[in-house]
Amino acid sequence: MHRFFVSDIAYYIPESRLTNDDVEKSSARWSSDEIYKKIGIRTRGIAADHETASDLAFCAARKLLSKCDSIESSIDLLLFCTQSPDYALPASACVLQERLGLPTDCFAIDFNQGCSGYVYGLAMARAMLESGDASRALLLTGETYSKWMAHDDETVRTVFGDAGSATLLELLPCDAPEMGAFVYGTDGRGRERLIVRGSGSRRLEDDAPSTPLPEGRRVDRLFMDGPAIFDFTLDAVPKAVEKVLTKSSMTVEEIDWVVFHQANRFMLDHLRRRCGIPREKFVIDMEDYGNTVSNTIPIALANLVNDGRLKRSEKVMLVGYGVGYSWAACIIDW
Amino acid sequence: MTKDEFVEELTAILNEDGALSAETVLDDLEGWDSTGVLGVIALLDEIGANVGVDDLRACKTIGDLILLTGDKVKG
C-alpha cells in the first residue's frame, strides 16, 4: 500500500518590496502603523516588470530541486497554479517543463485558482499519485496580482504580495490507511467579489458590474470587495473545517497544526475563534509577504518546517478560500 | 448586549473619538470604510446576528445597524 506525502517545500519572494511606509507616502488616508494594526502586514514582494508568475515559481522550484541531485528526471507530474499565466496559450506549465529540465513524458498542466489553489493542487497530485498515474509530482504556485492592480487602490495594494512556491510530492510505502480527507466547495455567485474584468475573452463592454463599484475603483483592474469575501468565509470556512474533521473522524485536539489561507490577520483571528482552534496550533505568517494568494499556505508550511516546528507524522489541517468563490480543506499526515 | 454596549463597540471599531448615536450617519464617519465594515461584520457575527453584507451596506445610520441586529441588541 502506498500513500502520498509532501517531501519538501520551497518558496521565492521577488526582491522588490512594497512597505507600509511606501504606501503611506503615496496615500492621503493610510498611515504605516494603521495598515499594520488593521491587517497585520508590514511588507510585500512585488515582481519586477520583466518578472512573471512562472518566473517566481521557477525560482522556487530551482531552490527545491537543487537540494537533490538530478531529481528532475524522475518528475512525471507538473501542476502549476496561477491566475497570472505568461500567455493565454501555451500553458505556462509547458514553459516550466522545459526550463526546469523535466522529462518529456511528464504530465504538465496549469490550473486557474487563487487562494484555494494549493489545496486543490494537493488533491490533484494525490489522486494522480495514488492511482498510479504518476510517481513524483511537482506542485508549483506563482502569483503576481500586483500586475493587475490600479496603483492608487489601497484596498488591494496593502493586502496582496507576489510570490512563487514549489512542493515535491511522492509516494511512500505505508501499512496504515491514510487518515486525512479532502473537502471542496464552489459558489460562482461570488465571482464579482474578486475579479479582473477585461483580463480574458469576455469584453469589458459586455461585463458591467451588477452593482456599481465604489467611487475611485477602476472596472478594468483588480477589484476586491473585502467585506463580502469576509462575509462568505464566515459561512464557508467553519463548515469546511467541521466537514473535513468529520470526514477524517478526527477532532481539533488531534490536529497538530492548522494553516488557513493567510488573507489578513484580522480575518484569521476572527475565523480562528469561530472555528474553536487553539491559538498555539494556528499559524499566522504573512507579516513579511502579504496575502500571496495560492502561495500563502506553502510559504507558511515551509517556514514551519524550516523552524523545526512541523515534524514528520504530525497532522496538519490546511484550508484555502477566496476568489471564485472557491474553497477546500484537507487534513494530511506530514 | 445592550444598545449602549453595542454603540460603544462600534465606536471602537470605527475608530471614532466623538460619541456616536442612533442618528449618526455612517457615510459621515471616516472609519466607515472597507476595514470598518469588516470590523462591524465581525462584531455582528460575534453577537450571533446573521446579517448579509448587502443589508449592512444599505444601512444609513447607526440606528439602522441596531435594527438589523434584531433581538441580539436590547434596550
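Colleague: In which sense do strand 4 and strand 6 of chain A pair, and over how many bridges?

Modeller: Strands of a sheet pair through backbone hydrogen bonds, either parallel or antiparallel. In this predicted model, strand 4 (residues 77-81) and strand 6 (residues 136-143) of chain A pair in the parallel sense over five bridges, where pairing requires that DSSP finds at least two bridges between two strands, and strands are DSSP runs of E with at least two residues, as helices are runs of H or I with at least four, both numbered from the N terminus. Within strand 6 of chain A, A:Thr141 is the bridge partner of A:Cys81.

Colleague: What is the order of the strands in the open sheet of chain A?

Modeller: The five strands follow the order 1-7-6-4-5, with mixed pairing; strand 1 (2-12) and strand 5 (107-111) of chain A are the edge strands, each pairing on one side only.

Colleague: Which strands of chain A does helix 4 touch?

Modeller: Helix 4 (residues 92-100) packs on the sheet and touches strand 4, strand 5 and strand 6 of chain A, contact being heavy atoms within 4.5 Å.

Colleague: How many disulfides are there over all chains?

Modeller: A disulfide is a covalent bond between the sulfur atoms of two cysteines. With the criterion of two cysteine sulfur atoms within 2.5 Å, the count over all chains is zero. For A:Cys68, the nearest cysteine sulfur, that of A:Cys106, is 16 Å away.

Colleague: How are residues and values defined here?

Modeller: Residues are numbered from 1 along each chain as its sequence is written, and chains are lettered from A in the order in which they are written. Local features need pLDDT of at least 70, and side-chain atom pairs count only at pLDDT 80 or more, while totals for chains, interfaces and linings use all residues, and side-chain values use heavy atoms, leaving out hydrogens and water.

Note on methods: Axes fitted to C-alpha atoms, helices over the stretch in contact; angles between N-to-C directions.
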